[in-house]
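Hi,

Here is the structure I promised to send over. Have a look at it first, and my notes follow below.

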Amino acid sequence: MFFRRWCLQNGLPSRSIASLLALAALLFVSGASAAGGLGAPPPPPPDAPGGFDVPSGFDALRKPPIPVSFLSHEAGWVQFQYPPSARDRVSLIVSQADDLRAELAEALAQSPLDGVEVRVARGPEEMSTLAPRSMPPPAAATGVGYVKLKLLILSLSGLSPSEPAELASAFRRELAKLALGEALSGRALPAFFIEGFALHFSREREWSREWQLYRSTIRQKRHAVSELDQALERGGADAALASAEAGDFVESLLKPERHAKFAATIERIRQGDEFESAVASGYGSPLPVLEREWRKAVSRRT
């Protein structure tokens, strides 16, 4: 109002006054936009990817729709979606679900999992149609999990349709990874630790792992814990031994009398501590000491 009165007193025409006011408003909005006020870009969508789920590109993780032919089973905290032909095999993992959920909650000292969805595919190809488009399952995988979505996708068969997959083991393995990821709130962990945790709860290849450890002890060909991640990346026989070692080492950290120490370690990592520092604080011993104790136990067994 003061600016308009001043213009009229100095003989400026009304059209000029209107133009000046419009220009002033435009400059104000532009300045506010540059400062992050009016006109600032909107915040990222709430389902933007992060944590353990890192899709290619910038697409957010989204669940595709379920095929209309699929059946559904609600089990309180978890929902199963599967083709009718899988009813009997799915009933087996349904019967194990509650016990596994309780085991994971006790080991991690966390609230039990809730709001989980399990999708069962006929084979690896169908897994891709049930997974987020921006982050398809790895080739040849028979199970994959998406922590942000609380979603597990399992396959009834391996690469060959005539080769049935271990559905129960895959379910236990991927649910363990999901629980660990939730407990860590997306904090990073060494790959061997995640592998070992998942193997412990999946109960996969227990006799094979013992045989791998026996042979490595006899041949004195072993990996240090600090070398396990690299060995897993190399693949082949080296990775098979590293997987067995990771499973056995993490199992030694997860003995029932050590559950509180394990949970304390996970909590410290979630709060931002580095892995080795968190292990030393949680167990009261540095990682090399825990590794030596584990090696002695393996030697006694073999």
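Before the notes, one cut-off: a residue is called buried under 20% relative accessible area and exposed over 50%, and anything in between is partly exposed. Keep in mind as well that this is a predicted model.

With that cut-off, R203 comes out as partly exposed because its relative accessible area is 44%. Its side chain forms a salt bridge with that of E103, at 3.3 Å from N to O. R203 sits in the loop between α6 (191-202) and α7, while E103 belongs to helix α3 (residues 87-108), so this pair ties together parts that are 100 residues apart in sequence. E103 is partly exposed too, at 27% relative accessibility.

R209 counts as buried, with 8% relative accessibility, whereas E251 is partly exposed at 32%.

E126 is buried at 17% relative accessibility, and R122 is partly exposed at 39%. There is also a network of salt bridges that links K63, E117 and R119. The count for the model comes to 16 salt bridges.

Now for α12 (residues 287-301). This helix has 15 residues and spans 21 Å from first C-alpha to last, close to the 21 Å expected at 1.5 Å a residue. Which of its residues are buried? They are L287, L290, E291, W294, R295 and V298. Looking down the axis of α12, these fall within an arc of 140 degrees, so they line one face of the helix. The spacing makes sense, because an α-helix has 3.6 residues a turn and residues three or four places apart point the same way. K296 and R300, on the other side of α12, are exposed. And what do the buried residues of α12 pack against? Their partners are α7, α9 (236-253) and α11 (275-283).

Last, the surface. W211, Y214 and I218 make a nonpolar patch of about 340 Å². I218 is part of α7, which runs over residues 206-219, and it counts as exposed because its relative accessible area is 55%.

Cheers

How values were computed:
Residues numbered from 1 in each chain as written. Predicted model: local features only at pLDDT ≥ 70, side-chain atom pairs only at ≥ 80, totals over all residues. Heavy atoms only, no water. Patch = residues over 30% accessible without salt bridge, like charges linked within 9 Å, V, L, I, M, F, W, Y side chains within 5 Å. Areas by Shrake-Rupley, 256 points an atom, 1.4 Å probe, with all protein chains shown as cover. Salt bridge = Lys/Arg side-chain N within 4 Å of Asp/Glu carboxyl O. Helix = DSSP H or I, 4+ residues; strand = E, 2+ residues; numbered from the N terminus. Buried < 20%, exposed > 50% of the residue type's maximum accessible area, 1.4 Å probe, protein only. Expected span 1.5 Å × (residues − 1). Arc of directions from axis to C-beta. Contact = heavy atoms within 4.5 Å.
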